[in-house]
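Here is a model to read through in questions and answers. Each answer sets a value against a rule and concludes.

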Amino acid sequence: MYDFKRVEKKWQSRWEKSREFQAKENKKNKFYLLEMLPYPSGYGLHMGHARNYVIGDVLARYKRMNGYNVLYPMAYDSFGLPAENAAIKEKIHPKKYTENSIKNFIRQQKSLGLSYDWSRSFATHKKEYYRWDQWIFLQFLKNNLAYRKKALVNYCPKCDTVLANEQVIQGKCWRHSDINVEIKELEQWFFRTTKYAEELLNNIDNLEWPRTVKDMQKNWIGESEGTLVNFRLKDTNEIIPVFTTRPDTLYGVTFLVFSPEHSKVLELVKGTKYEREVRNFIQKTIIENKYYREDKEGLFIGKYAVNPLNSEEIPVYIANFVLLEYGTGVVMSVPAHDQRDYEFAKRHVLKIKQVIEGDIKDCAYEGEGNLINSGKFNGMNSRDAINKITEYLKRNKLGRKTTQYKLRDWLISRQRYWGCPIPIIYCDRCGIVPVPEKNLPVVLPEKVNFRKGNPLATSRKFVNVKCPKCKGKARRETDTMDTFVDSSWYLMRYCDPKNNKKLFDKKNINYWMPVDIYIGGREHSTGHLIYFRFFTKVFRDLKLLNFDEPALRLFNQGDVNKNNIRMSKSKGNIVDPMEMVNQYGADSLRFYLMFVSSPDSVLEWDDSGISSSYNFVNKIYSLKSIKYESSQKDRIIQSKINSLIGTVTFAIENFEYNKALIAIMEFTNYFYKNASLVSRDVFDDVYKKLLTLLHPFIPHITSELKCNNQWPKVNNKLIDKEIEFTEEFVQSVINDINEIKKLTGISPRKIKLFVSDSWKYDFFKQLKKEDSKDFNYLIKKYMIKEYSKEIVSIIKSVLKNPRRIPEFILTQEKEYNMLNDYKYLFEKEFNVSIEIIKGSEKAYPGKVAIVLEK
Ligand SMILES: [Zn+2]
Ligand SMILES: [Zn+2]
């Protein structure tokens, strides 16, 4: 047993002092390895974090050992609601709360021995960072990528803030599963993500990301081809664009339906007798889960629209089955040819007008066919009509062909304090005035009142400001930015974290970016992982950088479970990583986390597992005091260690760390058993290689035992599968003899060992290469008349169990000589005379026949 506490402290402080993980731009091949920006919760690291970071650290250390210039940084996503809420609850300032949490986080991360370049670390709540959020906002504004619009927003009364769509889960607040989300109409700031929808969609397939994440993004962006049809609101010139994939049914439209969340709806009913009822309906719909609104409920809103083709007047409804994300958020209803519309029409006693031939007696006819009741398009089939009607609409400026996306613009305004202030000033005379770049940062004031609403609005010093244009009285925007803005470009800041003149230097960013591998959880498949792609594309178009995608490869690590449930405070199944570090050491925890399951699958925590990892680490340590007896295993150990280097290298490159460690463990057990039978030089060399292979996983103890800094190379000349096989062969003979002795109860005077008939060696070699499993074919191909009976039975048995063919097939001569070489060993083991004989029907290559003589 060694003193892991002393050893781990020693190496952690040595790494810190020597700054050996600091990355510098140079001529070497770069490797940018990134883990998702953590939110520094007051609870500190949980086991999921620990696993995530060790996965990254193993690769970082491995890449450095392979000569790469590795950038492996860490920072903190320190703005956001939880700090504000926790601060309100515990009555400490969010800043103090956050900074304490960060300190704690860093201490815990360091105690795991993670090899971050700490010199590049930052926290997003610092003005040195968020001034660049503000600068970015101003560039977006200048380039028409940021705009303000009145919008219905999801609002949680408990958070007292607007929520993004992805923060609404089944109609409830993502942080308060008991609070129904309400709607509110507010002027909000948006980023124009939709401008990049097409590129965001098209580039996905070039990325080496997990298929599920790519599919989720595709679905989120949601492209569909169709026709935009301009309906007119009756008695006005107002146009309502409607998206459809079936313009051939346009003559059959009998009503229009708005999504209840559509911002136009409230405007249309304002001051009418419908207003109150409509408001209630909207509220109720939003509370229901967006995607599982079972009852198709709707409401007439007192307006009519005009069909552009036949000028028919049709009533306008809102209904819960129309999603804002689909098309324009308004659909044209054709009950004769759409089952959902059909049911709705029956329920609300609306007209059903057939325009495609087919049976509509009991349900809608949704297929294609020839047009009827469609004016000059009568008789045309659906396919032609889709094109002809779209062309007609276009010619008459009544519509056009279009591609629609489900993706919406990004609402970035938050009515909260603990975030980056939006650099905007409102002046009664000049309107919306951006804060001049030279006046950045707009600093978040510390003295505010947390008791109600948005605390930022309570700071008069902050709110009251001179207009930069007219110098008159004006007031600041009190909304802060969604924290996803901070995390959309943090990965670029790492490339030039101290720059106070620019967002980052172009040279540095083009050297390090794009990220070579990005490690994080699946929960970010849509939000963050779309936003950071969007920012990259905007930055490229603003000429800040010259690549298209931020991260080439994405790796999702699996969850950490206990008792088959994901570890979480609310489930009460937490294991604190720091307790494990105290009890067993960081190396044992790291080894355990990487050994139990492959990085991408679920890890089921098992308390006894960590103690066997601890025993393994100690075994590695105890190898250093081995006593030498002989050198008989030199060749085989050298062969095995070289095979191991190949296996471990391949496994790490393919994120199969557990396979690497299983192979290492097997080797170590063998090495440990046979270490005294290896000469000193070979032992030292093999031990050093073993430590080096283990270094990325358990860096403290291996540094203490003086591993190499460079990853070992496989020496193929030393790999001798035959000699490895020999040992297994000899061991299997010993096992078999013991087995037979036990079964028969014979204590022999003499043991005869028969090696196989010589023809079987070639025969087995041929069978080994054979792909066919067809008995008749094999018999025909490999039949040798003199051994026909034996051949039939061998082929039968091999087909049934292919493992009957050994991994290595020697020759009769070699097996015979091998057994003779080890004759002394058998005689010693069994204390009888041994005779070795060539040729036996009962023996096979790799399997001797044994006769015990009394
Ligand atoms: Zn809430
Ligand atoms: Zn002004």
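Q: Why does C467 count as buried?
A: This is a predicted model, so every value here is computed from it. The relative accessibility of C467 is 1%. Buried means under 20%. Therefore C467 counts as buried.

Q: What makes C470 partly exposed?
A: C470 has a relative accessible area of 26%. The class lies between the buried limit of 20% and the exposed limit of 50%. So C470 is partly exposed.

Q: Which residues coordinate the zinc ion (ligand 2)?
A: C427, C430, C467 and C470 do, each through its SG atom. The distances are 2.2 to 2.4 Å. A donor must lie within 2.8 Å of the metal, so these atoms qualify. Along the chain, the donors follow the spacing C-x2-C-x36-C-x2-C.

Q: Why is the site of the zinc ion (ligand 2) called tetrahedral?
A: The angles among its four donor atoms are 105 to 113 degrees. Four donors count as tetrahedral if all angles lie between 85 and 135 degrees. The site is therefore tetrahedral.

Q: How do you know that strand 1 and strand 2 pair?
A: Three bridges join strand 1 (residues 30–35) to strand 2. Pairing needs at least two bridges, so the two strands pair. They run parallel. Y32 has L71 in strand 2 as its bridge partner.

Q: What makes strand 2 and strand 23 stand at the edges?
A: The open sheet has four strands in the order 2-1-22-23. Strand 2 (69–71) and strand 23 (554–556) each have a single partner strand, so one side of each has no neighbour in the sheet.

Methods: Residues are numbered from 1 along each chain as its sequence is written. Chains are lettered from A and ligands numbered from 1 in the order in which they are written. This is a predicted model: local features need pLDDT of at least 70, side-chain atom pairs count only at pLDDT 80 or more; totals for chains, interfaces and linings use all residues. Side-chain values use heavy atoms; hydrogens and water are left out. Donors are N, O and S atoms within 2.8 Å of the metal (3.2 Å for Na, K and Ca); water is not among the atoms, so sites may look incomplete. Four donors count as tetrahedral if all angles lie between 85 and 135 degrees; four count as square planar and six as octahedral if opposite donors are over 155 degrees apart and all others between 65 and 115; anything else is irregular. Buried means under 20% relative accessible area, exposed over 50%, partly exposed in between (1.4 Å probe, protein chains only).
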